[in-house]
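Colleague: I have the model open. Can you walk me through it?

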Amino acid sequence: MTLNGKTALVTGGARGIGFGIAQRLAADGAAIALVDLNAADLSEAQSQLSKSGAKVITITADVTDRQQVIDAIDSTVDQLGGFDIMINNAGIAQVQPISEITEAEMDKIHAVNVKGVLWGIQAAAARFKKDGTKGKIISASSIAGHDGFPMLGAYCSTKFAVRALTQVAAKEFAPDGITVNAYCPGVVGTDMWTEIDARFSDLTGAKKGATFDKFVGSIALGRAQTAEDVASLVSYLAGPDSDYMTGQAILIDGGMVYR
Ligand SMILES: NC(=O)C1=CN([C@@H]2O[C@H](COP(=O)(O)OP(=O)(O)OC[C@H]3O[C@@H](n4cnc5c(N)ncnc54)[C@H](O)[C@@H]3O)[C@@H](O)[C@H]2O)C=CC1
Ligand SMILES: CC(=O)C(C)=O
């Protein structure tokens, strides 16, 4: 129970990787604030997590809106009595060849995956400084933040940007004892991948499931990743064993991208 007495806020926490992270941090002893756009999924996630005895609140918010992110953190402190760990996990995908990416599509994905992370980093650091907390900020990048994947140009640009923000924030907030890191999963079988696979099918005529299988086929360890695999790394980044680590964007992908 390395996170006893700590409070973690997880954006995009209603399903997928975010929910897996919330389950793991709750098992580590943390109180959890689940933040998401989707109120129905939030309610289901809260009832599942509460069954394990975890202290869980939900906040419906859109991470593209800076004030909503600030308010979500303030509400977490008001309801749970503290705030120690910020997980900037919310993200969306997009599948489009470079030559066809529209301005609206580029703006939309950057609003969630880049601005959403920036607002989370800003708001968490401000609150940690105000409270004198040596907090931890942890954001979702990807293998697509280390390597370019055809048809995922806009998405890759957002995940490379998360690495840049992580490095700069780590340097700027180190004097306050705040650490800033990122996790870089590979191919996790969530709703996001169902959407990516379907879009590849529409654009290329690939059979349903074929794109997912092709990506999984390139994983050295021979299986798709689970949210629990990702959550193990995030648990380390959220806990005291990683106190001397900052500015890193760590690959956890079963052996796909080697850095
Ligand atoms: N699934 C995968 O293979 C990989 C995913 N990632 C990243 O991990 C993160 C989580 O991915 P998944 O769980 O697979 O996605 P998902 O699509 O299953 O879940 C994303 C969650 O974020 C929420 N969300 C989306 N936009 C939001 C907004 N503006 N404000 C608040 N909440 C919002 C959704 O409602 C949803 O609950 C994302 O940042 C993704 O880019 C990184 C590498 C691999
Ligand atoms: C979804 C994702 O991050 C991929 C394709 O790497």
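Colleague: How do the residues of the shell around ligand 2 divide into nonpolar, polar and charged?
Modeller: Six are nonpolar, one is polar and none is charged. Ala, Val, Leu, Ile, Met, Phe, Trp, Tyr, Cys and Pro count as nonpolar, Asp, Glu, Lys and Arg as charged, and the others, Gly among them, as polar. This is a predicted model, where local features need pLDDT of at least 70 and side-chain atom pairs count only at pLDDT 80 or more, while totals for chains, interfaces and linings use all residues. Residues are numbered from 1 along each chain as its sequence is written, and chains are lettered from A and ligands numbered from 1 in the order in which they are written.

Colleague: Which residues are around ligand 2?
Modeller: Ala93, Ser142, Ile143, Ala144, Leu152, Met192 and Ile196. A residue is near a molecule if its C-beta atom, placed from the backbone, lies within 6 Å of it.

Colleague: And which come nearest to ligand 1?
Modeller: Gly12, Gly16, Gly91, Thr190 and Met192, out of 29 residues around ligand 1. That shell divides into 13 nonpolar, 11 polar and five charged.

Colleague: Which helices each supply at least two residues of it?
Modeller: α1 (16–27), α4 (103–131) and α6 (191–204) do. Helices (H or I, at least four residues) and strands (E, at least two) are DSSP runs, numbered from the N terminus.

Colleague: New topic. What does UniProt list as "active site"?
Modeller: Tyr155, from an unreviewed entry. UniProt positions are given in the numbering used here, feature names are shortened, and annotations may be inferred rather than shown by experiment.

Colleague: Where is Tyr155 placed?
Modeller: In helix α5, residues 153–173.

Colleague: Buried or exposed?
Modeller: Tyr155 is buried, because 23 other C-beta atoms lie within 10 Å. The cut-offs are 20 or more for buried, 12 or fewer for exposed, and partly exposed in between, with C-beta atoms placed from the backbone.

Colleague: What is Tyr155 in contact with?
Modeller: Ala93, Gln94, Ile109 and Ala144, leaving aside neighbours within four places in sequence. Contact means that the two C-beta atoms, placed from the backbone, lie within 7 Å. Ala93 and Ala144 are also among the residues around ligand 2.

Colleague: Which residues touch the most other members in the largest nonpolar core?
Modeller: Leu9, Ile32, Leu34 and Val234, in a core of 76 residues. α4 gives the most to this core, with nine residues. Such a core is a set of buried Ala, Val, Leu, Ile, Met, Phe, Trp, Tyr and Cys residues joined through C-beta atoms within 7 Å.

Colleague: How many helices and strands in the chain?
Modeller: Eight helices and seven strands.
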